[in-house]
Amino acid sequence: MKKNLGVKSYVLPLPVLIIATYNEDGTEDAMNAAWGTLCETNKIALFLSMDHKTVQNIKRRKAFTVSLADASHVTACDYVGIVSANDEPHKFIKSGFHASKSSYVDAPIIEELPLVLECRLDYIDEKTECVIGEIINVAVEEKAIIDGKVDFTKLNAISYNPIDHTYVLVKDSIASAFKEGLKLK
């Protein structure tokens, strides 16, 4: 029997996405967001409060990058989520992250994180606080490429668990999608 809990944000897993932009002075900015998903094969939807410095940067530059957070950098990834660039202008530097300029969009790539989506702003819906980005390029560390494909287990990606406010490692495959259910046909 199930017990009613009321309204909870218990959709799992929630990705830990690190969104990077350039500030108005050209310095790097990054924030942590768990409220994001693909909304088309070449678009990502991020639900971000409009008062974030990162959102203001996206509006100004019309570009951003989205990196998957990984276990090796959980401290820095958490830091850019709990500290506001509105209060700490040097938070990117204090995180210990390093950046290079994207060749595809006007946004920084965080060197330490293994997979990055380079995005051009498609539109922002201020009412729903949804930022839609068109994915222009995906770059991944070579060590995560096996037989010409990205091996997700090599990314050591983390997920946010909203039930107990922890980060969890997303690691093992348990079945083949679009094949497992064929057993019941």
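**A walk through the predicted model**

Start at helix α2, where the cover over the buried residues includes β2 (17–22), β3 (28–33) and α3 (91–95). The model is predicted: local features need pLDDT of at least 70, side-chain atom pairs count only at pLDDT 80 or more, and totals for chains, interfaces and linings use all residues. Residues are numbered from 1 along each chain as its sequence is written, and side-chain values use heavy atoms, with hydrogens and water left out.

Helix α2 spans residues 74–82. Helices here are DSSP runs of H or I with at least four residues, strands are runs of E with at least two, and both are numbered from the N terminus. The buried residues of α2 are Ala76, Cys77 and Val80. Buried means under 20% relative accessible area, exposed means over 50%, and partly exposed lies in between (1.4 Å probe, protein chains only). Seen down the helix axis, the buried residues of α2 fall within an arc of 100°, so they line one face of the helix. That arc is taken from the directions from the helix axis to the C-beta atoms. Thr75 and Ile82 are exposed on the other side of α2.

Now turn to β3, one of the elements covering α2. Five of the six residues of β3 are buried, so this strand is largely enclosed by the rest of the structure. β2 and β3 run antiparallel and are joined by six bridges. Two strands count as paired if DSSP finds at least two bridges between them. Thr21 has Asp29 in β3 as its bridge partner. The β2 and β3 hairpin has five residues between the strands, and there Gly26 takes a positive phi near 90°.

Next comes an open sheet. Its three strands follow the order β1-β13-β14, with antiparallel pairing. β1 and β14 (166–169) stand at the edges with a single partner strand each, so one side of each has no neighbour in the sheet. β1 pairs with β13 (residues 158–161) over two bridges. Pro15 has Ser159 in β13 as its bridge partner.

The segment before β1 (14–15) holds Leu5. Leu5 is exposed, at a relative accessible area of 53%. Together with Tyr10, Leu12 and Ile163, Leu5 forms a nonpolar surface patch with about 380 Å² of accessible area. Areas come from the Shrake-Rupley method with a 1.4 Å probe; for residues, only the protein chains shown count as cover. Patch members have over 30% relative accessible area and no salt bridge; like charges are joined within 9 Å, and nonpolar side chains (Val, Leu, Ile, Met, Phe, Trp, Tyr) within 5 Å. A salt bridge puts a side-chain nitrogen of Lys or Arg within 4 Å of a carboxyl oxygen of Asp or Glu.

Lys43 sits in strand β5 (residues 43–47). Lys43 is buried, with a relative accessible area of 17%. Leaving aside neighbours within four places in sequence, the contacts of Lys43 (heavy atoms within 4.5 Å) include Asp122, Ile132 and Glu134. Glu134 belongs to strand β10 (residues 130–140) and is partly exposed, at 26% relative accessibility. Lys43 and Glu134 are 91 residues apart along the chain, yet their C-alpha atoms are separated by 4.5 Å.

Not counting residues up to four places away in sequence, Ile124 touches Met50, Ile58, Lys59, Cys130 and Val131.
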